[in-house]
Amino acid sequence: PAKSLSRVAFAPVSNRAFSFVGKMALNAEKVIPDVLDNFSPATSLHVTYPGGIQAKDGVVLTPTQVHHQPSVTWDGDSSSFYTLVMTDPDAPTRSNPKFGEWQHWLVGNIPGTGIDKGDTLSAYVGSGPPKDTGLHRYVFVLYRQPHKIEFKEPIHGKSGDGRAKWKVREFAKKYGLGHPIAADFFQAEYDEYSNKVFEP
């Protein structure tokens, strides 16, 4: 498995510097260009799972650790709307992503940082890579919307229906979202919780 940059110790730095560190990881694991085009981060995503587990810079976590929806925060403008995405480009494997991207979470029209007040287009589903498919990348992407949007997307509950063969680039282009303002990711491979990914 590729080394995670999350183990490197960094002194306290600005959001801009944290974004730069995140960009290094995104490039190192080829999230750029596999999922996203090159972009200039305007803020940092802070993704925290229950128990204080941080999902950042390509750290390797387990499906057990990321089963429940995380807390995601950023420096948001209360007068703006945002779209948050979590996507897996490596379905079923990184070397043969014929079902990728697989959409894990999609929330639009988030006012400021109030995810619970946005429009949930796809309910959160944690990572559940099949056995013997190696590490998958799970990418969080944040867009600042130009305005509130009437999304014409199928609504996905906590099931796998309609989530495969999705592309965040195409979604962003469809709704004029422009470039992301932040992105981060973790990696995971199969554990026993992969078989329970659609359970509450």
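Proline 146 sits in the loop that runs between strand S8 (136-144) and helix H3 (168-174); helices (H or I, at least four residues) and strands (E, at least two) are DSSP runs, numbered from the N terminus. With a relative accessibility of 52%, proline 146 counts as exposed, since buried means under 20% relative accessible area, exposed over 50%, and partly exposed in between (1.4 Å probe, protein chains only). Beyond its neighbours within four places in sequence, proline 146 is in contact with Gly176 and Leu177, where contact means heavy atoms within 4.5 Å.

A word on what you are looking at: this is a predicted model, in which local features need pLDDT of at least 70 and side-chain atom pairs count only at pLDDT 80 or more, while totals for chains, interfaces and linings use all residues. Residues are numbered from 1 along each chain as its sequence is written, and side-chain values use heavy atoms, with hydrogens and water left out.

Now let us turn to the sheet. Six strands make up an open, mixed sheet in the order S3-S9-S8-S5-S6-S7; two strands pair if DSSP finds at least two bridges between them. At the edges are strand S3 (59-61) and strand S7 (119-122), each of which pairs on one side only. S3 runs parallel to strand S9 (residues 182-188), and three bridges join them. Here valine 60 stands opposite glutamine 187 in S9.

Strand S5 (residues 81-88) brings us to aspartate 88. This residue is buried yet has no salt bridge, and the nearest side chain of opposite charge, arginine 137, is 6.5 Å away. A salt bridge is a side-chain nitrogen of Lys or Arg within 4 Å of a carboxyl oxygen of Asp or Glu; for charge, Lys and Arg count as positive and Asp and Glu as negative, with His and the chain ends not counted. The side chain of aspartate 88 does reach the backbone nitrogen of aspartate 90, at 2.7 Å.

Arginine 137 lies in strand S8 and aspartate 90 in the loop between S5 and strand S6 (102-111), so the pair ties together parts that are 47 residues apart in sequence. Both arginine 137 and aspartate 90 are buried. Aspartate 34 also forms a salt bridge with arginine 137, with the closest N and O atoms 3.0 Å apart. Aspartate 34 belongs to helix H2 (residues 31-34), 103 residues from arginine 137.

Note on methods:
A polar contact is a pair of N or O atoms within 3.5 Å; within protein, one must be able to donate a hydrogen and the other to accept it, and residues adjacent in sequence count only if both atoms are side-chain atoms.
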